Amino acid sequence: MIKYIIKRMIIVFFVLWMVATLTFFTVHVTPGDTANAIIVSVYGEDAVSPETLENVRTKFDLKRPVFVQYTDWLKNVVTGELGTSYKYNKPVIDILKIRLPNTLILGFSAFLISIVISIPFGIISALNHNRPIDHFSRFSTLLLSSFPSFWIALLLIIIFSIQLKVLPVSGMAGFSSIILPAVTLSIGMTAATTRMLRSSMLDVLGQDYITVARAKGLEDNQVIFGHALRNAIPPIITVIGLQIGHIIGGAVIIENIFAWPGIGGLLIDSINTKDLPMIEGCVLIIAFGYAIVNLIVDITYSCIDPRIKYSGGDN
Amino acid sequence: MRGLLEIKNLNVSFAVDDNHVHILNNVSMDINENEVLAVIGETGCGKSVTGSAILHLLPDNAIVTGNIFFKGQDITKMNDHEFRQLRGQEISSVPQSPSTSLNPLMHVGNQVAECVLEKNSSEADKKKTALKVHEIFSRLGLPRGEDFYENYPCELSGGMCQRVLIAMGVITHPELLIVDEPTKAVDWALRKDVMDVFCELKNDMKCAMLFITHDIAAAKYVADRVAVMYCGEVVEIGPTDSVINQPRHPYTKGLIASMPSKGFNVMNGFMPSFQDLPKGCRFSDRCECSSDICVNEEPESVEISAGHFTKCSIYKNMNVSEIFSHAITS
């Protein structure tokens, strides 16, 4: 197992390097002058002049050829130095340390909401196949997963913040402020997990070993939780893994709408100001999150399902 | 010998798209204590449905009429909760397809132990059950010991899985064991081993069996009596020797003639669809002896010799000597 994890970690570093390199060059080929974007974002349009542009270019060493900038930056990253943000004029790592916990809190809350709702709903829906509760669950999950999350966010703000005035519109101040962004973020994940668990449970409930478990004289609860659920879980773990990755990186829109001070909001902000070290920092954190979650998913898989270990899962 | 299971006029139909597809038609058979009754017939003739009906394991859209008496009690009248006390304890089963009948994510030992253990068993009970499982494993020729107990089904061969399923069926010392095609998924070399296991079970454990198979040789080896099913009906039932060596129903004759050891003479035609059954005898369109009466009238069961019944119109108005001479000439 340790050998497997080491092997996977090496792959993770390759992935991170490729993601970082692609991001670096993508930012460089996008139109617009970096020095100009920095001055506009920090001091405003009026401050742009040939002198200030020259000063900024000198200060941040922007005159070096792109490839030299890339190799210098890469050397720093390898030694654990992510550089200094152009806009905030602070080390990138310090800003990430403040922003990352916020994203994780939001993501974890959304994850918790979706698990608490989707697992019972998926099971109930499968056990009541083609009955009204199953139709309701299928219809509602299809409906919710079809709406774009920004639309749901706006709808929730209108209902709970503007009309009912029970929850804050945006920002991060206390428990009540996390409810709307977490609920919005969890909706897509809840719908996907419910539908996946339903179909996975239906598939398992039709298997011979479930009939055999019933033939043994086991109680319904033992059959469902002892035999069916455990077999229905592996596909759900894949879906949940992908969704967690999405939460770490993809909460961008939600964080922006609710002005949630997380990584997503920071990334959008940094792209607008062409704050390259900051963009790279955010992208690396998001990619690392994806890779680690995928690794955890694979390890969980082999812990749950003995067949994976034996059929070359280690490769 | 006392009657253990008596199936009387069992009818099973399935509701499919507003129609009722009638699968079992007036199936009647009985099993005595410590007796093996083999049910043979081609795929789709209703053998497994009969087994599932006894175990209350038919799908929700099944409609069951008729009676199944187990030790004098009509189990068709029992609700699921009442029947669960019998299922797995007094009436047990060994399913077909060993590769798909074991939970892939559970230790095989636990799957067997689960049949005996109550929901909230103490540690002492669990240990006692584990010993019992080890004992039954070694009795069935499986390796004894922790290692085997903690194997997953994917680590076992087909024959081993089959034995684990047998262990699951017999660990509770049931009075009736319903065995569904036990030799279907095992190779030729293992087939005899599996059959020997059932013979031993019958002799040592005094367990009655409903042995569902399409392997006539296996039925002959293990069973005391044989019932032949065709298209949801029992067409012939009687002592093994009598049915296999002197088959009376044209279908049984055809089945036996199609065995590789008897010349591999394959019968003409196919079994009709359950949604489009012939009016009279269900075998009439494939039968070489078919006459008008067969096409128009449903045959009745006739006793040919002691305990040997057949459902064929040929024997309808024959007396004993005529039946005997017919058997010799045909």
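Start by selecting helix α6 (residues 132-146) and helix α8 (residues 176-205) of chain A: they pack at an angle of about 140 degrees, with axes 8 Å apart. Helices here are DSSP runs of H or I with at least four residues, numbered from the N terminus (strands are runs of E with at least two). Axes are lines fitted to C-alpha atoms, for helices over the stretch in contact, and angles run from 0 to 180 degrees between N-to-C directions. This is a predicted model, in which local features need pLDDT of at least 70 and side-chain atom pairs count only at pLDDT 80 or more, while totals for chains, interfaces and linings use all residues. For your selections, residues are numbered from 1 along each chain as its sequence is written, and chains are lettered from A and ligands numbered from 1 in the order in which they are written.

Stay with this pair for a moment. The crossing of α6(A) and α8(A) is left-handed (the near helix is turned anticlockwise from the far one by less than a right angle; clockwise would be right-handed). Show A:S137, A:T141, A:L144 and A:S145 on α6(A); on α8(A), the contact residues include A:I187, A:G188, A:A191 and A:R195. Two residues are in contact if their C-beta atoms, placed from the backbone, lie within 7 Å. Colour the contact of α6(A) with α8(A) by class and you will find four nonpolar, five polar and two charged residues. Ala, Val, Leu, Ile, Met, Phe, Trp, Tyr, Cys and Pro count as nonpolar, Asp, Glu, Lys and Arg as charged, and the others, Gly among them, as polar.

Next, select A:L127, in helix α5 (residues 92-127) of chain A. A:L127 is partly exposed, with 17 other C-beta atoms within 10 Å. A residue is buried if 20 or more other C-beta atoms lie within 10 Å of its own, exposed if 12 or fewer, and partly exposed in between, with C-beta atoms placed from the backbone.

Across the boundary, 14 residues of domain 1 of chain A are in contact with eleven residues of domain 2 of chain A. On the domain 1 side, α1 (2-29) and α2 (34-43) of chain A each supply at least two residues, and α1(A) gives the most, with nine residues.

Hop over to chain B, where the assignment gives domain 1 (3-90 + 172-279) and domain 2 (103-167). Their C-alpha centres lie 27 Å apart, and nine residues of domain 1 of chain B are in contact with eight residues of domain 2 of chain B.

Finally, bring both chains into view: 20 residues of chain A are in contact with 22 residues of chain B. On the chain A side, α9 (208-215), α10 (220-250) and α14 (306-310) give two or more residues. Of these, α9(A) gives the most, with six residues. Zoom in on α9(A): six of its eight residues are buried, so the helix is largely enclosed by the rest of the structure. Among the buried ones are A:Y209, A:V212 and A:R214. End the tour at A:G217, which follows α9(A) and has a positive phi, near 90 degrees.

Technical notes
Domain bounds come from an automatic or database domain assignment.
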